[in-house]
Amino acid sequence: MSLEISKNNKLEILKKKKKINISKDKLLNYISFIYNKFLDFSKNVEVKINNQEIIEYSENYINPLLWQIGHIVFFYITLILQNLLDNNIFNILFNKYKTKFKFYDSFETPLELRNTKQLINYQEIISLYKQVIILIKNYINSNTLNNVNTYLVLLGVLHNEMHLEAFLFTKINLNMFISYPDIIYNNEEVLSKIEFVKYDGNSFYQGTNELINKLTFDNEMPEFCVNVESFEISKHCITEYQYTQFILANGYNISEYWCPKGLNWLKKNNIVLPLYWHTDSDKNIFKIINNKKYSTLTNLPMCNISWYEAEAYCRYMDFKLPSESILEYCSTNGGLTKYPWGNDEPNENICNIGYKKNIVSVLDDISGKNKKNMTHLIGNVWEWCEEPIYPYDGFTIDPIYREMSYPFFGFKKICKGGCFAVSDLLIHPKYRNAQYPDCRIQFIGFRVCL
């Protein structure tokens, strides 16, 4: 018996979903934005290929950039266009590439087999990407938006956007040029102490039963009532200055601060500092990103840090990482608002999203404060949660993007809130990102609870 769902059954399931409230113009503008960012971020990939440098990776979970481009294109083709277009039209357009479908499927081709001669060359795959976007735009212009096609198109472009963030952090890690704003340092006094905010316990509804103006992924549903006990949480994410004190206290060499898996990871990989951080002959700590040297004695949030390192800092300070429920509670003001600042939709004038800036100080004015003045609960950097990702009771697998969630239940740790490299159409307090606990390449930081 096959567990695969037929195309007709998939479309019938999608018909029962709530229609996402988005106009044709907004959808087309969003696709154009993602398209232009993608072409910009994917530049110079062929240079690395010609120099045969893309084999060398400094971190786990780094996909070859050329494979990532192909993966995005074939996600559009196999999951979106295959369900939007007539079968005959689809076969005529993409018959040439059928043998490549599985190669660009992340669950068919393991990471170590993705950098092979099966890769389609840069010019051809970019040309195919442009063709795909034209097809989608033409489809939108010639059809009425409904439950099914709105969901499919948004699923494709949001997946495309997730890989924009991946292109950005991958290129930074591979020390490849990418046009992006530099980190800006403010002349402000560093926060030496962690300021906490107190919350009384209460109940609220975690998760969602489908948002009307956002695509809702399967792991966010259904909503359920949860009781949150009284807690105290840091007003800001832990800063570089505050984390530097952990390093100066020899935190990477004191085994008691590390959980068993974290200690094993630390020793196996000879980890002695956060990613991109270094020390000189005088034991001064600094970081280097894009060949630029930066101080770590700043109010910038810690970033590019693993869950293991965040948890070790918590043990050092006798704190703990917040639960997902706590972060969602804070981000919705106890379930009373859609976002930390209220009910207005997010934009770059409220919080640090939309690719307009790099990471900014936790004291930055554009921080989207909640009702208790907690900053950057949406945007700036993702935030690690204490627990692994698991499905909510009543979880139903998505009929189209079936591998979005279930393969990672129990393994990856939850991250909330988004970062500077996400858009307003993707991020909201209910959104559940998840990464392996040793992941450092992504733009993730953390805050702490008492």
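**Exercise 1. Identify how many residues line the second largest pocket and which lie nearest its centre.**

Solution. The lining of the second largest pocket comprises 20 residues, and those nearest its centre are Thr208, Leu211, Thr337, Lys338 and Lys430. A pocket here is an open set of points on a 1 Å grid over the protein atoms alone, with protein on both sides within 12 Å along at least five of seven lines; lining residues have an atom within 4 Å of a point. The model is predicted: local features need pLDDT of at least 70, side-chain atom pairs count only at pLDDT 80 or more, and totals for chains, interfaces and linings use all residues. Residues are numbered from 1 along each chain as its sequence is written, and side-chain values use heavy atoms, with hydrogens and water left out.

Next, consider the space and the residue classes. The second largest pocket holds about 370 Å³, a volume being the space filled by probe spheres set on grid points that are joined across faces, edges and corners. Its lining has 6 nonpolar, 8 polar and 6 charged residues. In this classification Ala, Val, Leu, Ile, Met, Phe, Trp, Tyr, Cys and Pro are nonpolar, Asp, Glu, Lys and Arg are charged, and the others, Gly among them, are polar.

**Exercise 2. Describe the cavities of 30 Å³ or more.**

Solution. There are 2 such cavities, a cavity being a set of points where a 1.4 Å probe fits but cannot get out.

Step 1. The largest cavity has a volume of about 280 Å³. Its lining consists of 24 residues, with Ile172, Ile183, Ile289, Asn358 and Ile359 nearest the centre. Two or more lining residues come from each of α7 (147–173) and β6; helices (H or I, at least four residues) and strands (E, at least two) are DSSP runs, numbered from the N terminus. By class, the lining has 18 nonpolar, 3 polar and 3 charged residues.

Step 2. The second largest cavity holds about 50 Å³. Among its lining residues are Lys17, Lys18, Tyr151, Glu210 and Leu211. This lining divides into 4 nonpolar, 1 polar and 4 charged residues.

**Exercise 3. Work out the arrangement of the sheet that contains β5, β6 and β7.**

Solution. Step 1. The 3 strands form an open, antiparallel sheet in the order β5-β6-β7. Two strands pair if DSSP finds at least two bridges between them. The edge strands, β5 (277–279) and β7, each pair on one side only. On average, neighbouring strands are turned by 40 degrees against each other, direction ignored.

Step 1. β5 and β6 pair over 3 bridges, and Trp277 stands opposite Lys287 in β6. Strand β6 (residues 285–289) pairs with β7 (residues 292–295) over 4 bridges, and Lys287 stands opposite Tyr294 in β7. The hairpin of β6 and β7 has 2 residues between the strands, and Asn290 there takes a positive phi near 55 degrees.

Step 2. Helix α8 lies across β5, β6 and β7, running at about 125 degrees to β6. Axes are lines fitted to C-alpha atoms, for helices over the stretch in contact, and angles run from 0 to 180 degrees between N-to-C directions.

**Exercise 4. Determine the strand order of the sheet with 4 strands and name its edges.**

Solution. Step 1. The order is β10-β9-β8-β11, in an open sheet with mixed pairing. β10 (433–435) and β11 (444–445) are the edges, each with a single partner strand, so one side of each has no neighbour in the sheet.

Step 1. Strand β9 (residues 413–416) pairs with β10 in the antiparallel sense over 3 bridges, and Lys413 stands opposite Gln435 in β10. Helix α11 (residues 324–331) packs on this sheet, touching β8 (382–388) and β9, and its direction makes about 140 degrees with that of β8.

Notes: Contact = heavy atoms within 4.5 Å.
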